[in-house]
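Hello,

I am handing over the structure below. Please have a look, then read on for what turned up.

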Amino acid sequence: MLKKITFFFLINLTFTVCYSQNNLSSKNINMTKKKIFKSEKEWKEILSPEEFRILRDKGTEYPHTGKYNLHFENGVYNCKGCNTPLFNSDQKFESDCGWPSFDNAIDGAITYVDDFSHNMIRTEIICTKCDGHLGHIFDDGPTDTGKRYCVNSISINFDKKNNQKDE
Ligand SMILES: [Zn+2]
């Protein structure tokens with residue numbers, strides 16, 4: 001029984017992901033970037049077990065443990081799975097929620113997916129290019145955008161060299 005429910009849930013989730021992406025692609029030209037598809041085996045070859053658990057199995061790192069939680073250098077945060085730039089450092093703000101938090105994202109880099117898991121209604125954020133799980137977005141951000149992109153440190157990789165603030 002449980003297996004059956006899980007199966008239907010997965011089918012539904014897949015549909016939701018596809019639907020959200022199609023919906024977004026008509027609005028955003030950045031979505032025309034080539035997507036990355038890899039098998040579970042291929043992802044396991046390039047990701048550590050913990051990276052795989054979070055990026056591909058939609059896990060969550062423990063709060064206040066991630067390396068970018070209190071990290072505020074100038075630069076760009078790229079997707080750990082495919083290296084696509086997702087957030088600029090000037091979109092990051094200090095949040096006490098325990099995970100790196102951003103008030104906006106690089107155009108077209110993020111896809112938004114309805115998430116009804118754990119008896120909650122949330123919006124999951126995934127990398128548009130590789131579908132890697134990043135975290136969730138909430139409407140309680142303290143800045144003008146009102147948004148809080150709550151992201152696992154493990155899902156991202158900071159790049160100082162690509163700093164878009166320093167010319
Ligand atoms: Zn990615």
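Gly 59 is partly exposed, because 15 other C-beta atoms lie within 10 Å of its own, and a buried residue would need 20 or more. This comes from a predicted model. Gly 59 sits in the loop between helix 3 (49–55) and strand 1. Beyond its neighbours within four places in sequence, Gly 59 is in contact with Arg 53 and Ile 54. Asn 152 is 93 residues away along the chain, yet the C-alpha atoms of Gly 59 and Asn 152 are separated by 9.0 Å.

Six strands form an open sheet with antiparallel pairing, in the order 3-4-8-7-6-5. Strand 3 (92–93) and strand 5 (110–115) are the edges, and each pairs on one side only. Strand 5 runs antiparallel to strand 6 (residues 122–127), and six bridges join them. Ile 110 has Cys 127 in strand 6 as its bridge partner.

**The core**

The largest nonpolar core has 20 residues. Leu 86, Ala 105, Tyr 149, Val 151 and Ile 156 have the most contacts inside it. Strand 1 (76–79), strand 2 (85–88), strand 5, strand 6 and strand 8 (148–151) each give two or more residues to this core. Leaving aside neighbours within four places in sequence, the contacts of Leu 86 include Ala 105, Ile 110, Cys 127 and Ile 156.

**Confidence**

The mean pLDDT of the protein is 86. Of its residues, 77% reach 70 or more. Over residues 13–30, pLDDT stays under 50. The model has 15 contacts beyond four places in sequence for that stretch.

Best wishes

Key: Residues numbered from 1 in each chain as written. Predicted model: local features only at pLDDT ≥ 70, side-chain atom pairs only at ≥ 80, totals over all residues. Pairing = 2+ DSSP bridges. Helix = DSSP H or I, 4+ residues; strand = E, 2+ residues; numbered from the N terminus. Core = buried A, V, L, I, M, F, W, Y, C linked by C-beta atoms within 7 Å. Buried ≥ 20, exposed ≤ 12 C-beta atoms within 10 Å, placed from the backbone. Contact = placed C-beta atoms within 7 Å. pLDDT = per-residue confidence, 0-100.
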